[in-house]
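Good morning, and thank you for making the time.

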Amino acid sequence: MSRPAVVLDTVLDAVGNTPLIRLDRLAAKHGLKCNLLGKLEYMSAGGSVKDRIAKRMVEVAEKEGKLIPGHSVVIEPTSGNTGIGLAMACAIKGYTVIITLPQKMSLEKEAALRALGAEVVRTPTEAAWDSPESNIGVAARLQREIPGGIILDQYRNINNPLAHELTTGPEIIEAVKNTPSTAQHPSSGKVDVFVAGAGTGGTISGVAKAIKKTHNPDCVVVGTDPVGSVLALPETLNAATGSYIIEGIGYDFVPDVLSREEGLIDSWVKTSDAEAFAAIKELIRSEGMLVGGSCGSALAGAFAWLRTGEGKKIAETEGKNVVVLLPDGIRNYIGKDWFLKMALEAEPSPLAQTIAGI
Ligand SMILES: C=C(NCc1c(COP(=O)(O)O)cnc(C)c1O)C(=O)O
């Protein structure tokens, strides 16, 4: 998996190719006999899984003649990470970029966007997706009014899920296939379960297609969706309403790129902020991975699915490979109250007491 030791042309050549890492300590804490593996997307150049779609959407738009250097203004509604990926590409390629970003999203993401040269327009978090005030509505107005304005549109653009069908999925498959089964780490040699959260749904849809079409049609794909979002199926799962703090996942509409065809996403699990924060704390502490909020949602959803029914059987079977997509890292949230509370809250430890006594 490690990158070839060659000089890369630009940072865009360092997008993706992220590691798939065993979460053995965490699996043991949860009594899992199966393999729990984390796809660590904060190791991508821009810091998240969304780098991949940003790179592909820009490169395809250029090939199609839709992006003209010195003329085009890239405008995108985003919860931040897609924007960072786009701003990274635009910084290199010389396009102006405007990002519409709901107030809820972190200042850290806004700072990264502005450092990359993007203009950032904040929009009300509570605005419905189809209202003129939403980040989608404001982006549409800016595109109409600004000469050369173009929205690459992660919610409809087929290059969103395609980026994952062509890169994220194959990387996961290759990593599992290339890792031999050993006495210490028995492996089925297949991706038996894939768990991911959904925002646009591009990641879970694209990876699921790659795995089921080219590798293991029997892989169980599990989507996780925050309480308050409407992406899960059956719809009855979405009865509870309300807001949530975790960024990047869940919506009040179903994006076009979220594939809902029969047999692609097999199950959905609803997750709460509290479950996500607890899972992040465990993951950081057990595995040393400096992950972001939605990683906790995906992990909490995985643990919930592995506790019941078919999931329980998988959990109790040595060698089964359960892959969890971990979308970004703490860089995006390091100053957020929820993160500071989780990281700094006093936990009486003998060592702390010893230190205090010195
Ligand atoms: C939609 C956007 N982000 C998706 C995202 C997701 C979901 O990825 P999707 O492929 O969009 O379903 C999960 N976690 C984080 C931290 C994310 O940023 C965005 O950045 O505009």
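Two remarks on provenance. The model is a predicted one, in which local features need pLDDT of at least 70 and side-chain atom pairs count only at pLDDT 80 or more, while totals for chains, interfaces and linings use all residues. Residues are numbered from 1 along each chain as its sequence is written, and side-chain values use heavy atoms, with hydrogens and water left out.

I begin with the salt bridges. The term refers to a side-chain nitrogen of Lys or Arg within 4 Å of a carboxyl oxygen of Asp or Glu. How many salt bridges does a search of the whole structure find? The search finds 22. I shall discuss three of them.

Glu 165, already mentioned, pairs with Lys 213, and their closest N and O atoms are 2.7 Å apart. Lys 213 lies in helix H7 (residues 202–214) and Glu 165 in helix H6, so this pair ties together parts that are 48 residues apart in sequence. The helix and strand labels are DSSP runs numbered from the N terminus: helices are H or I with at least four residues, and strands are E with at least two.

Arg 52 belongs to helix H2 (residues 51–63) and Glu 171 to helix H6 (residues 159–178), so the bridge ties together parts 119 residues apart in sequence. Arg 52 is buried at a relative accessible area of 5%, and Glu 171 is likewise counted as buried, at 17%. Both residues also take part in a network of salt bridges that links Lys 39, Glu 41, Arg 52 and Glu 171.

Arg 156 sits in the loop between strand S6 (149–151) and H6, and Asp 256 in the loop between strand S8 (220–226) and strand S9 (267–271), so the pair ties together parts that are 100 residues apart in sequence. Arg 156 is exposed at 55% relative accessibility, and Asp 256 is exposed at 56%.

I turn now to helix packing. Two packed helices are described by the angle between their axes and the distance between the axes. At what angle do H2 and H6 pack? The angle is about 125°, and the axes are 8 Å apart. Here the axes are lines fitted to C-alpha atoms, for helices over the stretch in contact, and angles run from 0 to 180 degrees between N-to-C directions. H2 and H6 are therefore oblique to each other, given that angles under 35 degrees count as roughly parallel, over 145 as roughly antiparallel, 65 to 115 as roughly perpendicular and the rest as oblique.

Contact means heavy atoms within 4.5 Å. On the H2 side, the contact is made by Arg 52, Ile 53, Arg 56, Met 57 and Val 60. On the H6 side, the contributing residues include Asn 159, Leu 162, His 164, Leu 166 and Glu 171.

Some backbone features deserve attention. The peptide bond from Leu 233 to Pro 234 is cis, with omega near -5°, and Pro 234 is placed in the loop between S8 and S9. Which phi does Asn 17 have, not being a glycine? Asn 17 has a positive phi of about 50°; this residue is in the segment before strand S1 (20–22) and is partly exposed, at 38% relative accessible area. Asp 153, another residue other than glycine, has a positive phi near 65°. Asp 153 is found in the loop between S6 and H6 and is buried, with a relative accessible area of 13%.

Finally, I come to Leu 23, in the loop between S1 and helix H1 (24–29). Leu 23 counts as buried at 0% relative accessibility. Leaving aside residues up to four places away in sequence, Leu 23 touches residues including Leu 36, Leu 283 and Met 289. Leu 23 and Val 324 are 301 residues apart in sequence, yet 9.8 Å apart in space, C-alpha to C-alpha.

Technical notes:
Buried < 20%, exposed > 50% of the residue type's maximum accessible area, 1.4 Å probe, protein only.
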